[in-house]
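This briefing is for a reader meeting the structure for the first time. Please look over the sequence and the model, then read the notes that follow.

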Amino acid sequence: MRLSRIAFLFCSIVGLTGLLIQPGMAAGHKKKMMKKMAPAALVSYKISDGPAITAINKSLTGKAGDKAAGEKTMVNKKKGNCIACHVITKLKAKAAKNPKKYSQMGLIAPPLDGAASRYTEGELRMLLVNAKVAFPDTIMPGFYRADNLTRVMGKFKGKTVISAQDVENILAFLVTLK
Amino acid sequence: MGRFIKMALAGLVASVLMSGAAMAAPDGKSAPIVNKGDHPLPEVWSGYKYSKVDTQATQDDEFENPANLWTEQGEALWSKKDGSEKKACQECHNDAKASMKGVATRYPVYYKPWKKLINLEQRINLCRTKFMKAKAYKWKSNELLGLTIYVAKQSNGMPQAIEVNAQNKPFWEKGKEHYYKRRGQLDMACAHCHEKYFGQKLRANTLTQGQNNGFPTYRLKWGKPGSIQRRFKGCNKQVRAKPYKMGSDEYVNLELYVRWRGNGLPNETPSVRP
């Protein structure tokens, strides 16, 4: 656990500096490259120990999360798509009324019911950013990471699945799942 | 004592008979192909098992299978002269029902002149360019899909039969590597969906083992048949990974490995899938 955390931190740092400092490039050229690849540098964060798993205790944006927006992101197939794998019993009534938007909930992963009783807010933030820190073999995507990935399709290169504010919004919803 | 043995024997015979009656033939649809020892799948199942009953029925209905149009086109092309040599497949291969029987179950194979693998579509196109002096068909063309279905159909009911040997092993290894490698922005490997979670629901889809025993398959979503190579592209794109080209070494190696995973599964071309 400790080793993988150090490795993870190291990679994020290398990834970040790699984006910011590109030696040998003329300033103008560098600017153009940055714009074209548009990998808006990721918000940096600190990982620390939580009671169950590692955690990111500080908000990524400093802005309070919007629970309703978080719910939207969680069911959006192109964004969080959490319900592709997780059941959220609380949303079942809505799913029955709006089957198109909520589709069918997947059964691959443990239901998210009660997630906030199992993990602290900081730990949930960590799971959203990159669940592999806690579950190395998991199928769950890292939603806020762009480093150490293989053959990412052009339009998603250097980009995270969701934004830092999306993470905070989803978190605002997750902490209600006691 | 003698009576006891007789009774025990009778019991044994009865239980063998009964278990025989309860057990369906391992066809990958109602009973799995069982693997012992060093195989990633203890039980091998056809994608058929996970389809809705009406989708299964559409596949099973000899007259209603929507791929029939393509199968018929393939059959017609088999005896049609083409290219500057004005030759037809039939002139060299005679009756496909005999000459093409079992071919699909052992493809892709190592092809010496290329020093690498060749898959069924590539083999068909090679016959066209080399022997008929005709143009190679495009991957998604109705002609290539039709001929491939027609050829592969001749193996229906026969088990997938990839033998890993000295020649194809390096390519099998590469296919295996692809299978277990995470890729794309969503960072998933084939094995995540098709080995760890087959039979389970990913949103509204039931995941299968991702087997190759029904290709080219008629996919309801595509509204036409598609090759295994096209399916690979789709599965790469699903995880937001840059797909490879159809017929690329990467995918042909993967095709060999995927067919090997399904060894024993009866062929069922053209399958119908959601």
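Which residues are buried in helix 8 of chain B? In this predicted model, they are B:F171, B:W172, B:G175, B:H178 and B:Y179. Viewed along the axis of helix 8 of chain B, the buried residues keep within an arc of 120°, so they line one face of the helix. An α-helix has 3.6 residues a turn, so residues three or four places apart point the same way.

**Helices of chain B**

- Helix 8 of chain B has twelve residues, 169–180, which at 1.5 Å a residue should span 16 Å; the C-alpha atoms at its ends lie 17 Å apart, in agreement with that value.
- Helix 3 of chain B, residues 68–78, has B:N68, B:W70, B:T71, B:G74, B:L77 and B:W78 buried.
- Among the elements of chain B that cover the buried residues of helix 3 are helix 4 (89–93), helix 5 (96–99), helix 7 (142–153), strand 7 (217–219) and strand 8 (224–226).

**Nonpolar cores**

- The largest nonpolar core holds 51 residues, and A:L60, A:M74, A:I88, A:I108, A:L124 and A:L174 have the most contacts inside it.
- Two or more residues of this core come from each of helix 3 (67–75), helix 6 (115–118), helix 7 (121–130) and helix 8 (164–174) of chain A.
- Helix 8 of chain A gives the largest share of this core, six residues.
- Neighbours within four places in sequence aside, A:L174 touches A:M74, A:L112, A:A116, A:L124 and A:L128.
- Another core, apart from this one, has 19 residues, including B:L77, B:C89, B:V151 and B:A152.
- In soluble globular proteins, nonpolar side chains tend to be buried together.

**Contact between the chains**

- Chain A brings 32 residues to the contact and chain B brings 24 residues.
- About 2,500 Å² is buried between chain B and chain A, with carbon and sulfur atoms giving 55% of this area.
- On the chain B side, B:Q185, B:R203 and B:R240 lose the most area to chain A, and together they make up 36% of what that side buries.

**Confidence in chain A**

- The average pLDDT of chain A is 83, and 78% of the residues score at least 70.
- Residues 1–38 of chain A have pLDDT below 50, and this stretch makes 26 contacts in the model beyond near neighbours in sequence.
- Where pLDDT is low, the predicted coordinates should not be read in detail.

Note on methods
Residues numbered from 1 in each chain as written. Chains lettered and ligands numbered in written order. Predicted model: local features only at pLDDT ≥ 70, side-chain atom pairs only at ≥ 80, totals over all residues. Heavy atoms only, no water. Helix = DSSP H or I, 4+ residues; strand = E, 2+ residues; numbered from the N terminus. Expected span 1.5 Å × (residues − 1). Buried < 20%, exposed > 50% of the residue type's maximum accessible area, 1.4 Å probe, protein only. Arc of directions from axis to C-beta. pLDDT = per-residue confidence, 0-100. Contact = heavy atoms within 4.5 Å. Core = buried A, V, L, I, M, F, W, Y, C linked by side-chain atoms within 4.5 Å. Buried area = accessible area lost by both parts, 1.4 Å probe.
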